[in-house]
Each structure stands twice: as C-alpha cells, then as structure tokens.
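Trainee: I would like to know what the terms in a structure description rest on. Can we take them one by one?

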Amino acid sequence: MKLFIKFDINTICSLFLKHNLDQHNVNFTTLGFGEIEISDNLDANALEALKNKLSPCGFEVVENQKSVLVQKIKDAIIELVFMEDNNNYKSSVFLAEKLNHSYGYLSNVFSEVTYSSIENFIILQKIERAKQLIIINEMSLTEIAFLLNYSSVAHLSTQFKNTTGITPSAFQRIIKKRRENLK
Amino acid sequence: MQNNALYILLADDDEDDRLFFNDAFEEIKIQTKVDFVHDGMQLMEHLMDTNNKLPDILFLDLNMPKKTGKECLIEIKKTEHLKNIIIAIYSTSSSEEDIEDTFIQGANIYIKKPSDFNTLKKIINEVVTVNWHYHTSGLNRDNFLLRLK
Amino acid sequence: MKWIPNFNSSNSLRVIFVVAVFILLFLSSIAYKHNRDLDESSKVVMHTYEINIQLERLMSAIKDAETGQRGYIITRNARFLTPYIYSRDKVNTSFIKLKKLTADNPKQQQNLQKLFKLIIQRFVSFENCLKYSDPKTYDKRKLDNHMFGGRILMENIRFQVDEMNDIEKNYLANRLKIYDAEISLSPIFSISLFLVALSFILLAYRQISRDFERLKVYNKKLLISSGLIAESEVIGKFSTWQWDLDTSKIDYSDNQYRLLGYEPNAFVPEKETFLNFVHPDDKETVAKSMEEIISKKQLPFVYYKIVLPNHDIRYFKTTGKLLTDQQGSKILLGINFDITDEHLLNIELQERNSELEKSNKELASFNHVASHDLQEPLRKIQTFVSRISDADKEVMSQSARDYIAKIQISAKRMRVLIDDLLLFSRTNTTKKEFIKSNLNELLENAKGELTEVIDEKKATITTSKLPKLAVIPYQIEQLFINLIGNSLKYSQPDIAPEITIESHKVNSSDYPDLLDQNVKKFHKITFTDNGMGFDPQFKETIFVLFQRLHSKTDYPGTGIGLAICKKIVDNHKGHIIADSTPNQGSVFTIFLPD
C-alpha cells in the first residue's frame, strides 16, 4: 500500500531537539524554525557538548548574529510561500513587517551571508513548493501556477525551467518513473 | 556561511577535466575541499571505505572505465548509507532521453561539461550555492533536481 | 408441360414410371378380367347349349323309343324294340348329365324332377302300350288310352323341355346382356388409359432427353474445367489431394505426382508411404500433422521439405479443409504449394536484410561514436583556450592573440558541426516510440530553448492551435527548434522577425504527387517568416545534407539543420516542402499523417 506522507520538518526537529535537550536537562523554548532559547546559560564545555551532540544529526548551532537573521529571513520566506492564502502579500513588505527591518537591510545581510539574493531564495522556495504540489499529483499545472501567484502556466514553466533546468512536465515524468522503478 | 568546507568528490578518468575542475573550485568564493577518483571501481571503494568522509556533493562522469557512472549511480542509490549523497552527473553531451534517465535513476544534478572555463566556474558556483540552500533551508532533497548546460 | 414445375427430374421420372406401371397393371387386370368374362360367357353359352342338347337328346331318345314302340306295335318285329331298349339308357344317361348341368339352378332341378316324372310316366305308358299291344294281352281300348296318354305325355314332356330350354335361353340372354354391358365399356376405358400412359411416357421421354442434353453440356464444362484445373496446378505449382477419412483412400491430382517427382498415377497414394517423400528433418512434423488430420479433422498450414527421386530438395507448404459431400462422407481436401522459389528468395532477402541491418547499425553507431568521441578533444581545445586569461593575453603579440581568436572561432564552428551531426545521428535511432503528444506543448518547449535569440531579435511568434498527434516528442521538438531557429537566423537585418505558425487538416487527395495516398488525412503545419528568403530554385536542395546557400562567414550554419528536419519528418511518414520569395520571406510546410 502506498502512502503519501507530508511531513512537517518543524515538528520533527522540535521533537528531536526536545528529546535531546531533555536528556541534558536543558530547558528551552522554541522561537521559530531553528531558534531556541535556553533558559540557562551554558558554559563553553556544555555548549561544546551540545554542539557535538547535535551536529551528527545535522543540527548546527549557529552563533553568528547575522546568520541568525538570515535564518529568520528564510523562515519568513518559507512561511510566505507555503501559506495557503498569500495573494495580497508583497514579499518585501511582508518581510520588512515581520522582521522589523527595512527590506534593503535584510537584502544586504542576506546577500552577504549567503552570497545570493532574497529574490532568488523566494523563487527557490516557490519552485520547491511547486515541486511538492506536482509530486502529490492532485493539482494541474494551471492550478499550481494560480496558487503560487504566477500570471500563467507559461510563467511558472519558464521560472521552473530557469531554476531547475527542466520543465515542470519533465519533472513530473521523472518523479513518476522514479516511483515506478522503486516497485 | 558554513563552518566546514564543503567536501567535493569528482569521479572522472580524464586528467584534463580533473585539472579544470580543481582550478575552477579554487577560484570560487566558497570554501571547498576537492578530492578525485579516476574510475568507477575506485569511486565505490572510496565511498565504501568507512574511514572516508562522505562527500557533500559527488560529481560523477558517465564515461568511466571499469565501472560506468551510471552503474555507480545505481549502486550508490541502492546503498543505504550512500543514497542520500547529492549526486551531480558531470558529462559530455548526451541525448535528452539519457539525461532524463539519469534523473530517474536518482541523480540530483546534470551538468554538461562546458567548453569554456568561466562557464565551468559559474556552473559549480551555482551548484554549490543551490546545494547549500537545500542543505540549510529544509528543502526536500529528494526533489532536488537541477540541470545545467 | 408447364404445369409440372418443381419436380426435379429424377423424382418426376420416378413418378411417371410408377404411374405408367400402375396403368399397365390396371390395363392388364382389365384385360384379364375381360378374358375371364369371355371365358365365363362362353362357358355359360356352352352350358346352355349343353343342356339344350341333352334335352333334345332326351327328346330324341324318347322319340326313338316311341318310334321303336310304334314300329313294334305295327310290325311286331322285335328289331324295332332295340332302339326302345337303348333309349332308356340314353334317357338315363342324359338325365344324369342334365342333373349335373342344372345343379346350380333349383328351378331347373324342379323342372327336371317334373320331367323325370313325366318321362317315367311315358315309359310306363310305353310299357303299357307294349303290354296292351301284345296279342297275348291285347286290349284296344287300353291301348288307345295309353297311346293317347302317351301322346299327351309326349306333349307335356315336349312342353317341359321347351320350358327348360326357354329358361336356359333367358338365363343365357341375361348373362350375355350383362357381359355385353361390361364389355362395351372396357375398350374405351382401356384406350383412354392407354393414351394417358402414352402421354406420360412421352413426357418422361422429353424430360429424359432434356436432362441428357443438360448432362452433356455439364459434362463438357466439367471436362474443360478439370482440364483447366490440372493446367492451373501445373502453372501455379500447386496440387490437390483428397483423403477420404472414412475409407482412408487417398487421391492425388496429376500435379501432385509431378510435384513429388513422379509421373501421374505412377503409384497408389497411401498415408504410410507419403512420409517416405518427406525430408528427414521434417518427418516428425509431417507425421504429427497427419495424426491431427485423423484426430482433429483439420490441417492447418504445415511447412516441410520434400526429397525428390533425384535427391533435390523442394520446400512445400500444405493446408487442408474438411469437406462433407452430398453422401455425407468426410473428405479432407488438401492443397500443396511448392514454395521452393519463394522460400529461397525469402532466405536471400532475409540475408540481405540482416546484412543491411548490420551495415546500418554499424554506420549509425559509427556516426554516433564519431560525433560523441570527437567532442572530447574539441571541448578540451576550447576549454584550454578559454583558460588563457586576459593577463596571459596581455603579454602575447597581436598576431598570437589573433591566432587564438581564430582558433576559438574554428573550434566553435567545429562544435556546432559536431552537435548537428550528433543530432542527425540521433534522428536515425531504430527504436522509435510514438507517443500521443500535444504539439502545442512541444512548440512551447522549442520556443523556450530559443528564448535568448527571440528576445535578442525581438521576434514575435504567432501560433494557432496545433493538434495532438502520435509522434516522437524529442524529434518534433527538435524539428520546431530548427525551423524557428532558421527563421530567426535568416531574418532581415533591422526588421524584427515575425513568424507565423498555422495548422490545417487536409486530404491527401489534394496533394496526389506529394503525399502517401494510403493515408487519408494529413495535418499541414506552416512556418511562415518575413526573413530574407531564398532563391526558390533551391527549394529542394536546401534539404540535402550539408547543402548550404550562404557562405559560412555570412551565416553560421552547418547545412545539417534542414536535413535533420527532413529526416524527422520522414521518420513520421510525413513530408516537408519549402518555398520562398527572396527578400520577403519563406514558408516551410510540414505534413504529418493523422
């Protein structure tokens, strides 16, 4: 029997963090994707131990302030893109409001840290969502384009192709054949 | 950006290509460590050796002696601890069907070997950047497909 | 006679025959009866006259007696008594006979008794007369009485005899009347029956002679027919045989003997001996199908080899069908074809085919490998040249820089050539999967590939709705890319290219010279541009591989692009034509079958 599972990374990670931090008797609160606030102050050794514990699982303790901001920007963008109803939001406005900085500042920090722009990241996320929607296979490309605020299927196709190098239909084909291979 | 250098592994039997690749990586801004293997069998031995760190990105030429890139790809995707490596096929021109087939077999990226050095730099830059995005932004690795000409 | 319509001839003949026989029987029974009646009537006549005679004899005897008596009485000569004595016997004899003759008639018997009594009385009278006439006992009076009485008795006797005669005569007359009545009818009856019989027989005769004529005609046709069949068997190198499954008798047509290498009727065909003609390799197969004939009563196609008496080998193809004839017997009609010529031809064809295929495969793979392997060193050249940095160039001489530039140009040209060659070799792939595709999507993809050039030249592309067809998607996309790319490449300088793509459905009958008439409908897709156009006299040569209309410095091109287009369209069993007005534009038309 084949099941499609959509998993919420956030939940998984939070649970995992909780599990691990509980073991260390660290009290914490989750502030956002990738951000936790620890009630106690850890000393260098404890911090090191925590880092070592978390890094094999793919968790990295980010210490840089700007990195933190960038992470927040990313979270915000993801939230924007994956929102169900995002028709009226202009991303720059949304981000500026949400993170309490000017869009220009956010843009600079983002580029500095990631060497790539917010716009690119937004496109990346939109295409990522498009991929997910394509995989679930319940919507047509037209519907997907509409949901993601593209003016037309052609526009979505163009951006999809520019980002990934392949067309959405080719992507669909490949995913389908990958599934068939697994059988 | 990241604390550790990105570990890149290239499997290519051509000496000149390895040279180009190495030079290109040296000239991009991102910190990387690049290793090379010369053929398919060497590749699999390297990967299976538990002493070796697994690469963040594996660039794989398709035309290799002893074991072709495609065979390696299939084998890697079948091996539990290897199947999550990001694999970029790095090859000379192939037909559309062949390219699609490598994606179907599980490759994440397809790169056609460029005939201009600057283009090569641009390409690997993009690969590394996009890969980093995938790495850090909770994007689904299974859906990571990128094709660069 | 038209009123006997539906009888087929044998039935009607039978009917006629039976009727005629009946009539004959009837007639003969009538004749027989007639004879019998005649017989009867003559017997009756005889009978009557017999009685008559006897009665007369009786009378005569009595008269003799009387005469004798008289004579004696008169002469007293004993000689006259002799008849008198004899007469008694005669009377008795007659009487006995009469009794027999009248046995069937009680009335006559009565009369006879009366007569007898009278006669007795007469004789008594005679005796008395004799007595009383005898001189010894002479009594005249008694004599006169008895004589007189005797005379009266005689009259009575005569009377009785006459009565008896009359009765007989009446009886006879009646019987004769009846016979006459009966007999008078039969001749007419017989004659009419005879006529009827005769007419039936004439009818039958007519029918028979007609049938006979028909049979002759049919027979003639049959002879001609079977002659033709035998000839056609010889000409067509096939033969027929019949196997009666009930009696296991096998009949060969003449040509069957000949095909097996013998003269017609050289031997008696038998199931067991047939296998002797079959080549050892195929004996088992043939034996099996012979078994199947018996068990399953059918003979699907079976192929086998025959060895002729002169040891030549011939290839045979045999099939058969079970037929049931009018009598209900099952006959397997078999047909043999001598397919040796076709078979050998086939083998030759197959060999040539596989040679061609092999050669093709080699060529294709050579093409592919050559193009592919040529790319590597070329790429290296280009990459290494690109590695020569600006800093390096600074320290080179001008001529060195120029040379490097020229190397790059040539390398690029070679690259394009190899790419096109590779594309061309790919359109030759033997595996061709036709998938029902939306040509509009393929067109969009093609436009996507050319986005940069389209934007650079500010080209406008107008498309009408394209159909969904079963095509090789990659190839059609390449076709569109090549055609649109050409239009873009050969646009007029300073004029933004305008490309119009239209699709119509057409009948192949509208283009009898161009299109395969076996396919009814084609899709005609036109690519019209406002580019430079070309001299229409070249409208066929532009599709030839490596044909170019411009020098390579003017317009980069390999001369392969349109050849690839043609190859792709050929793969789809379609057609491509081009036309142009120089300095106004060109039209490329592709026809794809529905």
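Mentor: Start with pairing: two strands pair if DSSP finds at least two bridges between them. Keep in mind that this is a predicted model.

Trainee: What makes β1(B) and β3(B) a pair?

Mentor: The definition asks for at least two bridges. β1(B) and β3(B) have four bridges, in the parallel sense. They therefore count as paired. At one position B:Leu9 stands opposite B:Leu58 in β3(B).

Trainee: Which sheet of chain B do strands β1 and β3 belong to?

Mentor: An open sheet of six strands, in the order β2-β1-β3-β4-β5-β6, with parallel pairing.

Trainee: Why are β2 and β6 of chain B said to stand at the edges?

Mentor: Each has a single partner strand, so one side of each is left without a neighbour in the sheet. From one strand to the next the twist averages 15°.

Trainee: How do you know that B:Asp61 is buried or exposed?

Mentor: By counting. A residue is buried if 20 or more other C-beta atoms lie within 10 Å of its own. B:Asp61 has 24 within 10 Å, so B:Asp61 is buried.

Trainee: Where is B:Asp61 found, and with what is it in contact?

Mentor: B:Asp61 is in the loop between β3 and α3 of chain B. Leaving aside neighbours within four places in sequence, its contacts are B:Ala11, B:Asp12, B:Asp13, B:Gly69, B:Tyr90 and B:Ser91. UniProt, in an unreviewed entry, places the feature "modified residue: 4-aspartylphosphate" at B:Asp61.

Trainee: Which residues of α3(B) are buried?

Mentor: B:Gly69, B:Lys70, B:Cys72, B:Leu73 and B:Ile76 are.

Trainee: What puts these residues on the same side of α3(B)?

Mentor: They cover an arc of only 160° around the axis, and that places them on the same side. In general, an α-helix has 3.6 residues a turn, so residues three or four places apart point the same way. The cover over the buried residues of α3(B) includes β1, α2, β3, β4 and α4 of chain B.

Trainee: What are the buried residues of helix α4 of chain B?

Mentor: In α4(B), residues 96–104, they are B:Ile99, B:Thr102 and B:Phe103. Their arc is only 105° around the axis, which puts them on the same side of α4(B). Their cover includes α9 of chain A, together with α3, β4 and β5 of chain B. After α4(B) comes B:Gly106, with a positive phi near 120°.

Trainee: How many residues of chain B are in contact with chain A?

Mentor: 15 residues of chain B are in contact with 21 residues of chain A. On the side of chain B that touches chain A, α4, α5 and β6 each supply at least two residues. That side divides into seven nonpolar, five polar and three charged residues.

Trainee: Now chain C. What makes β11 and β12 of that chain a pair?

Mentor: The same test as before, at least two bridges. β11(C) and β12(C) have seven bridges in the antiparallel sense, so they pair. One partner of C:Ala578 in the bridging is C:Phe588, in β12(C). The hairpin has three residues between the strands, and C:Asn583 takes a positive phi near 70° there.

Trainee: Which side chains of β11(C) point to the buried face?

Mentor: C:Ile576, C:Ala578 and C:Ser580 point to one face and are buried.

Trainee: What is the order of the five-stranded sheet in chain C?

Mentor: β2-β1-β5-β4-β3, an open sheet with antiparallel pairing.

Trainee: Why are β2 and β3 of chain C called edge strands?

Mentor: Each of them pairs on one side only. Neighbouring strands of this sheet are turned by 25° against each other on average, direction ignored. Helix α7 of chain C packs on the sheet and touches β1, β3 and β5 of chain C. The direction of α7 makes about 145° with that of β3(C).

Definitions and conventions. Residues are numbered from 1 along each chain as its sequence is written. Chains are lettered from A and ligands numbered from 1 in the order in which they are written. This is a predicted model: local features need pLDDT of at least 70, side-chain atom pairs count only at pLDDT 80 or more; totals for chains, interfaces and linings use all residues. Axes are lines fitted to C-alpha atoms, for helices over the stretch in contact, and angles run from 0 to 180 degrees between N-to-C directions. Two residues are in contact if their C-beta atoms, placed from the backbone, lie within 7 Å. A residue is buried if 20 or more other C-beta atoms lie within 10 Å of its own, exposed if 12 or fewer, and partly exposed in between; C-beta atoms are placed from the backbone. The arc is that of the directions from the helix axis to the C-beta atoms. Ala, Val, Leu, Ile, Met, Phe, Trp, Tyr, Cys and Pro count as nonpolar, Asp, Glu, Lys and Arg as charged, and the others, Gly among them, as polar. UniProt positions are given in the numbering used here, feature names are shortened, and annotations may be inferred rather than shown by experiment.
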